[in-house]
Amino acid sequence: MSAPEPIRSIVIVGGGTAGWMAAAALARLVRTGVSVTLVESDAIATVGVGEATIPPIRTFNAMLGIDEMDFLARTQGSIKLGIDFVGWLHEGHRYSHPFGEFGFDIEGVKFYQFWRKLHGQGAASWIEDYNLCAMAMKAGRYLPPVPDPNSVLSRLSHAYHFDASLYAAYLRGYAEARGVRRIEGRVLDVALRGEDGFIESVLLEGERRIAGDLWIDCTGFRALLIGAALETGFESWSHWLQCDRAVAMTATSPGTAITPYTRATAHQAGWQWRIPLQHRIGTGYVYCSSDISDEDARATLLANVEGEPIRDPYVLRFEPGRRKQLWVRNCVSLGLASGFVEPLESTSIHTIQAGITKLLALFPDRGFSPVERDEYNRLTIIQLEQIRDFIILHYHANRRTTGELWRRVREMELPETLARKIELFRRRGRFFRYEDELFAESSWIAVLLGQGIIPEDYDPLVDAIDPADVRRKLDRIREVFARAAEAMPRHEEWIARNCPAPAEPAPAQVRKHA
Ligand SMILES: Cc1cc2nc3c(=O)[nH]c(=O)nc-3n(C[C@H](O)[C@H](O)[C@H](O)COP(=O)(O)OP(=O)(O)OC[C@H]3O[C@@H](n4cnc5c(N)ncnc54)[C@H](O)[C@@H]3O)c2cc1C
């Protein structure tokens with residue numbers, strides 16, 4: 001029996017963030033003789049949003065060999081140290097989800113366990129005072145993290161805000177320079193192979209036909225390959241994640257400050273994002289269409305925009321959930337074609353990255369072994385469900401008094417996986433991260449505490465350590481973090497010094513041998 005033949009050609013359909021991220025990452029295969037083609041239609045707009053990220057994006061850029069400063073400059077990028085949640089627990093309340101870790105563990109016991117004991121005794125301030133990212137967010141300041149664990153700056157972690165269309169253009173330059181072929185044209189039809197239903201080719205306008213071995217569906221909510229052609233079902237999560245629309249726009253920045261964080265502000269029927277870039281603010285209202293009309297959502301957004309509108313508000317519709325399978329036959333779906341949970345924790349671009357990484361780790365041959373495909377689906381579904389649970393937590397644990405949406409989500413039944421997590425934490429602050437879970441313990445702790453879930457008790461091991469010593473340590477951490485944050489440059493000054501956007505766009509700068 002002869003071994004299956006290697007993949008000779010990959011066709012990516014769609015040129016939004018998902019398509020160009022996939023093209024950039026797969027471009028290295030061109031060197032091995034594989035052809036990589038991206039088909040996109042200028043006549044069909046990309047979704048036009050998706051500008052906040054989470055820290056693993058740095059790994060993706062590093063994998064491509066992208067220079068961070070060049071990348072930030074060319075995408076009008078800024079630094080994101082976390083999210084500022086306004087009004088989520090109740091009206092007037094505020095907390096942050098910073099990316100860095102809280103304090104330092106003591107003798108193998110989690111920092112937040114000590115904090116819980118001292119806070120309960122009135123001897124510790126709110127947990128954010130023990131997180132350097134949170135302190136830098138409050139001060140509007142930034143310095144890059146350093147790898148030396150003896151430096152306090154090792155406690156920092158960051159992601160980016162960037163202009164979505166510039167990011168796609170940046171990656172396009174990268175991919176084309178490495179041999180990815182771009183074909184402009186609208187896909188009209190998808191031809192399936194008679195014997196096994198695999199995708200054989202697509203028909204483009206102008207009677208052009210493109211064939212390929214491996215197909216990547218990046219056609220956004222249309223899901224032309226995985227959905228329309230392969231008829232893969234969709235699992236809706238709309239009973240938990242009830243927001244199903246967003247009205248989005250861009251506006252001028254109100255002043256010179258560029259906040260190093262995303263803001264998420266709860267409104268009556270949903271919430272509003274605010275993403276600061278170098279040249280503008282991206283903002284939008286994510287809402288539940290059964291609680292507010294599009295017109296009222298638009299009016300709410302306009303009433304809560306600080307600068308002058310640049311792009312008029314436009315409405316996007318979506319259904320939260322995922323494809324029942326993400327890899328079907330010879331087609332892998334990425335981005336919005338594979339599913340979507342709302343952008344509250346900026347996870348969508350990450351799921352593209354995670355999909356690409358898994359595809360590379362399980363890269364098939366033309367035999368398309370079900371083992372590789374099934375593992376891809378298994379791992380991806382676990383991760384999507386963990387992200388789903390994290391988002392639901394923000395909604396469910398609310399004590400807001402205005403807005404029917406907030407009452408419904410407070411009273412709804414939770415996925416069992418999340419209910420268990422909350423109860424374990426509520427009892428004694430216990431937390432476990434399962435199966436390569438995306439969000440770190442510190443992220444869950446930030447949101448659990450921020451949403452008012454304070455453990456009833458703490459780990460008994462805390463009492464094994466001298467309380468006076470613990471208190472001294474906590475006071476010292478708070479002091480050192482506060483001083484370190486104040487000593488950082490203001491975020492906008494750091495940008496101006498290190499990665500100001502050029503007046504004229506220029507080609508991407510990438511390290512050799514990337
Ligand atoms: C309101 C909202 C806010 C968001 N905010 C964030 C965020 O802050 N952070 C984050 O990580 N993610 C966010 N996302 C998700 C993020 O926008 C997407 O994950 C990301 O943009 C990827 O989109 P995409 O490439 O899958 O789809 P799209 O951008 O829709 O691209 C689809 C591509 O397919 C092409 N296409 C479609 N049909 C055809 C056809 N027939 N022939 C040829 N080409 C075709 C189009 O031309 C286009 O190039 C947000 C999403 C929404 C809805």
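Is Asp 42 buried or exposed? At 58% relative accessibility, Asp 42 counts as exposed (buried is under 20% relative accessible area, exposed over 50%, partly exposed in between, with a 1.4 Å probe and protein chains only).

This is a predicted model, in which local features need pLDDT of at least 70, side-chain atom pairs count only at pLDDT 80 or more, and totals for chains, interfaces and linings use all residues. Residues are numbered from 1 along each chain as its sequence is written, and side-chain values use heavy atoms, with hydrogens and water left out.

**Salt bridges**

Side chains of opposite charge can pair when their charged atoms come close. The structure holds 40 salt bridges (a side-chain nitrogen of Lys or Arg within 4 Å of a carboxyl oxygen of Asp or Glu). Among them are these pairs:

| Pair | N to O distance |
|---|---|
| Arg 182 and Asp 42 | 3.0 Å |
| Glu 51 and Arg 280 | 3.0 Å |
| Glu 375 and Arg 378 | 3.0 Å |

Arg 182 and Asp 42 meet in a salt bridge. Arg 182 sits in strand E7 (residues 181–184) and Asp 42 in the loop between strand E2 (35–40) and helix H2 (57–64), so the pair ties together parts 140 residues apart in sequence. Helices (H or I, at least four residues) and strands (E, at least two) are DSSP runs, numbered from the N terminus.

Glu 51 pairs with Arg 280. Glu 51 lies in the loop between E2 and H2, and Arg 280 in the loop between strand E15 (270–276) and strand E16 (281–287), so this pair ties together parts 229 residues apart in sequence. Glu 51 is buried, at 6% relative accessibility. Arg 280 is buried too, at 8%.

Glu 375 and Arg 378 are 3 residues apart in helix H10, separated by about one helical turn. Glu 375 is partly exposed, at 28%. Arg 378 is also partly exposed, at 40%.

Glu 5, Arg 8, Asp 213 and Arg 366 are linked in a network of salt bridges.

**Helix packing**

Helix H10 (residues 370–396) packs with H12 at an angle of about 60°, their axes 10 Å apart. The two helices, H10 and H12, are therefore oblique to each other (angles under 35 degrees count as roughly parallel, over 145 as roughly antiparallel, 65 to 115 as roughly perpendicular and the rest as oblique).

**Beyond H12**

Phe 432 lies in the loop between helix H12 (416–428) and helix H13 (441–450). Phe 432 is partly exposed, at 45% relative accessibility.

How values were computed
Axes fitted to C-alpha atoms, helices over the stretch in contact; angles between N-to-C directions.
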